[in-house]
Amino acid sequence: VIVDQKCIQMLSVQPDTKPKGCAGCNRKIKDRYLLKALDKYWHEDCLKCACCDCRLGEVGSTLYTKANLILCRRDYLRLFGVTGNCAACSKLIPAFEMVMRAKENVYHLDCFACQLCNQRFCVGDKFFLKNNMILCQTDYEEGLMKEGYAPQVR
């Protein structure tokens with residue numbers, strides 16, 4: 001859970017309501033839509049990431065705040081996220097990169113493969129974690145047979 005994550009709401013401006021002031025530029029919002037975030041109202045163009053200037057209402061329904069900065073997810077993770085090392089290749093995984101996890105191990109997407117035959121896993125494939133190695137079902141079962149533990153087939 002990221003405690004610095006906040007919601008963005010897009011609201012329609014009702015024609016008969018008094019225009020609200022924008023927290024970004026301090027001008028009245030006379031557009032058809034406005035954004036509500038951090039308990040304030042914003043023009044769609046004014047709610048931007050402090051680093052990359054992307055319009056936060058366009059990239060999703062969340063923003064991140066830290067050190068008086070308003071950030072998109074990628075920049076928040078780049079600046080404040082925790083980096084770690086891949087359990088397969090031991091190379092650094094940047095905090096903003098997508099990963100695969102198996103128990104406490106973290107992997108680059110490209111490294112998440114059987115560590116004996118290098119078979120890449122697809123969504124729904126079974127994999128096994130044995131002695132801190134990711135194994136496909138075939139290699140796992142062959143290892144069990146070598147150890148004298150045949151898997152029970154029903």
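Start at Arg120, which is partly exposed in this predicted model, with a relative accessible area of 45%. Asp110 counts as exposed, at 59% relative accessibility.

Next, select helix H2 and show Asp75 and Arg78, which lie three residues apart, about one turn of the helix. They form a salt bridge with the closest N and O atoms 3.0 Å apart. Asp75 is buried at 6% relative accessibility, whereas Arg78 is partly exposed at 43%.

Move to Arg55 and Glu58, another salt bridge, with the closest N and O atoms at 3.0 Å. Asp45 joins these two in a network of salt bridges. Glu58 is exposed at 58% relative accessibility; Arg55, at 25%, is partly exposed.

Arg55 also touches Leu47, whose other contacts include Ile8, Trp42, Leu56 and Leu63. Select Ile8, Leu47, Leu56 and Leu63 together: among the 16 residues of the largest nonpolar core, these touch the most other members. Strands S2 (33-37), S4 (62-66) and S5 (69-71) and helix H2 (73-80) each give two or more residues to this core. A second, separate core has 11 residues, including Cys86, Cys114, Ile134 and Leu135.

Finally, zoom out and colour domain 1 (5-80) and domain 2 (84-148). Their C-alpha centres lie 40 Å apart. An unreviewed UniProt entry places "domain: LIM zinc-binding" at residues 20-82 and 84-146.

Terms used
Residues numbered from 1 in each chain as written. Predicted model: local features only at pLDDT ≥ 70, side-chain atom pairs only at ≥ 80, totals over all residues. Heavy atoms only, no water. Domains from an automatic or database assignment. Core = buried A, V, L, I, M, F, W, Y, C linked by side-chain atoms within 4.5 Å. Buried < 20%, exposed > 50% of the residue type's maximum accessible area, 1.4 Å probe, protein only. Helix = DSSP H or I, 4+ residues; strand = E, 2+ residues; numbered from the N terminus. Contact = heavy atoms within 4.5 Å. UniProt positions renumbered as here; feature names shortened; annotations may be inferred. Salt bridge = Lys/Arg side-chain N within 4 Å of Asp/Glu carboxyl O. Lists of a residue's contacts leave out its neighbours within four places in sequence.
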